[in-house]
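Here's a quick tour of how the inside of this protein is packed. Have the model open and follow along.

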Amino acid sequence: MNSVYGITEDDIKLRLEENVKIMFRKPISSASNLQAYQALAVAVKDIIADKWIATHSHYFCQDAKIVYYLSMEFLMGRFLGNAVHNLAIYDIIEKVINDLGFDYNLIEDAERDPGLGNGGLGRLAACFLDSMSTLDYPAYGCGIRYHHGIFEQKIENGYQVEFPDNWLVNGDMWGVRREEYALEVKFGGNVAPMAQANGDYKFELENYQSVIAVPYDYPIPGYKTNTVNTLRLWDAEAKNAFDLASFNKGDYSQAMSEQVLARTVAEVLYPADEFMAGKELRLKQQYFFISATLQRVLNRFSGMHDDFNMLPDKVQFQLNDTHPTVAIAELMRLLVDEYGLPWNSAWDITLKTCAYTNHTIMSEALEKWPIELFSRLLPRVYMIVDEINRRFCAFLIERFGDDPGKIRRMALIADGQVRMAHLAIVGSHSVNGVAKIHTEILKNYELADFYNIYPEKFNNKTNGITQRRWLLHCNPGLAGLITDAIGDGWITDLQQLENIAPFADDAAFREAFARVKADNKAKLAEYINARTGISVDPESIFDIQVKRLHEYKRQALNALHILDMYCRLKTNPGLHIVPRTFIFGAKASSSYARAKLIIKLITSVAELVNNDKTIDGRIKVVFMENYRVSLAEKLIPAADVSEQISTAGKEASGTGNMKFMLNGALTIGTLDGANVEILEEVGCENIFIFGLTADEAQKLRAERSYAPWDVYNLDHRIQRVMTSLIDGSLSPTQPDLFRELYDALLNGYGGAPADEYFVLKDFASYAAAHLRVNDAFLEKDRWNKSAIMNVAKSGEFSSDRTIGQYAEDIWKLDRTPIKM
């Protein structure tokens, strides 16, 4: 009988039967898939528990240094599949489940994706947590336990419609409520200086509102290790659950006001912020989880140490983008106000304890808060930011003289706004970009003023992905083929994939590789048909673009090219092209009207193309609604072509490009983000590069020399697809439906320059790259060899490598294996 770490099939079977009996009052033979999943989740969490307890007991006994990874989102994906793989009990679990008459895949599908993230930022955080546990680094992930995530997307009449993401509707099988660590978080009020016996003043908050932050802990087991780190997500509860006196007076709103405040804080991820109420809620959310986390960390530290100068030796806070930046000011507040440290000592500790990762050069993501809002909602924190700014500006004047332009550019507070990215840079000992080209853009353009002052702070840490979810778990056919060829060392050392490079010249291996891909494509085709009713050809090229919907990611370029292919087929039915299935998945921010219009464009193109029998199904277009981790796990293993077509210089890194590469898809992309490093790894013969470079795009912007009409006038294909936006081809009853997109590309719209993201400028180069894709796919041996080389060269893009670099270069963190 199979046994792993002393766990046998009989053990699992007994636990499942007992759990179903206790939880649902029935025998397991009568359990539904959902009930079987819930019983299995409890059984697996029980297996994890001893390691989880041992991990944190060891950290406490060893007084280990711990990194706290602060992030507004953690796009975890389903917990069950990740846990059984990392515990190395997948085979046992699958056999027991199937022997009991269930289908293990359906049991896994019964778990709803946790609504804790949106895009690459949150998925990166999840990969990092997996790597930190696997590599035995002491760590917590810290964020918010959103009740409804960002939203559940449905496509109705071609439009995105948002619904609440009720991921907790069936209960929370993985979270452990830690009420003993609940803390109060305060908002608003006024700051009162309180005189102390020594003549100093202590500042206290009066007349404030508050909520109680209650942590829920989620286990993050490492792969074949005893380490189980923790994802700590804070939920908000009312300090006083119900005001009976107000209720009895008939003031029902006041009676429930504290509950409403608490409920609102943890309700959704990224509330729409085009109105002041939305901005206030976003800032409130950020401060809520930061204050709760820092209070708990300092409580723990002060219970073990008297000297706060030791804090940087025991604690590191990693700010995952600008959202957690308020941690710098909150740490100062706690050290100065609550623990009585002098300002200079507190600032020195804060600098050594905080590190900042920049994930974007997009101005809207480099958060800025109106002074009026920030000072009203966080009055004491604002006083601290104002003092940091005063001292920093004094430093600038001392160094550069009275240069109002420089001070205005670099100040933490200017033009009526608090600039969080500037606070992050000034208040951290490390500032890292997430791809080589991104870091160079930060140093040379976007943050050049700061780099000139603090060159020692700036460094690069190219993003990575965990191969355990994005190959071992989601693509078992390919994972098994690789393991049979080179062993399973790649699961914890992805560089070992280099050892399959010689197999690219092995005909038998190429055939086996092709069979795995064909099987994945057949499964996806069946899934697409079941979900959408669209029949796609598994032998066609599966060309996939899945990512957050934003203009710079250029889903519109992809859609216009599909229109061009369709028009060419209509005018030349004998045109020889390899049948192509274009698959999209993307959520647009609920308040981002143009992004939502691009989704409507894609679905309109799909309706036009898919229903035209004259093209004989040679092009199909599919938009898969509600893109999420569990859907990505189905799409990525089946991809032939990976669309990574952002405007050069705009994508910080991307990690989707790495996931597709790891699963044997060939990239069509610009020299942007990590694409540059992928090109370095695979060579130009195994990737399809097109378009402007970042420097060329920057030069066009600086010179303001780009005129989209010039491109339009010289290219009849562009003329044809642009005309289709406004002639009713895509929307016969609303010919002007896509007029805004037409104007944005040719004339400028809403104050933005025409073709701001160079869609038309790059169109011809993109179309030419697709012709190269077509020709390469016709040579199956050549294509499979390139696909295998992409897998072989993926080793550099493991999150294990990235985390090792963070730990060594930034956190100064030691591995701490857990012995049991």
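## Around Met 132

Leaving out neighbours within four places in sequence, Met 132 is in contact (heavy atoms within 4.5 Å) with Val 67, Tyr 69, Tyr 137, Ala 139, Asn 229, Ile 803 and Trp 811. This is a predicted model, where local features need pLDDT of at least 70, side-chain atom pairs count only at pLDDT 80 or more, and totals for chains, interfaces and linings use all residues. Residues are numbered from 1 along each chain as its sequence is written, and side-chain values use heavy atoms, with hydrogens and water left out.

Met 132 sits in the largest nonpolar core, which has 160 residues. Val 44, Met 132, Trp 174, Phe 288 and Phe 374 have the most contacts inside it. Apart from that one lies another core of 123 residues, including Cys 474, Leu 549, Leu 631 and Val 759. A nonpolar core here is a set of buried Ala, Val, Leu, Ile, Met, Phe, Trp, Tyr and Cys residues joined through side-chain atoms within 4.5 Å; buried means under 20% relative accessible area (1.4 Å probe, protein chains only).

## Helix α23 against α30

Helices are DSSP runs (H or I, at least four residues), numbered from the N terminus. α23 (residues 555-571) and α30 (residues 716-724) pack at about 105 degrees, their axes 9 Å apart; axes are lines fitted to C-alpha atoms over the stretch in contact, and angles run from 0 to 180 degrees between N-to-C directions. So α23 is roughly perpendicular to α30 (65 to 115 degrees).

On the α23 side, the contact includes Leu 560 and Asp 564, and on the α30 side Arg 717 and Val 721.

Methods: Buried < 20%, exposed > 50% of the residue type's maximum accessible area, 1.4 Å probe, protein only. Helix = DSSP H or I, 4+ residues; strand = E, 2+ residues; numbered from the N terminus. Parallel < 35°, antiparallel > 145°, perpendicular 65-115°, else oblique.
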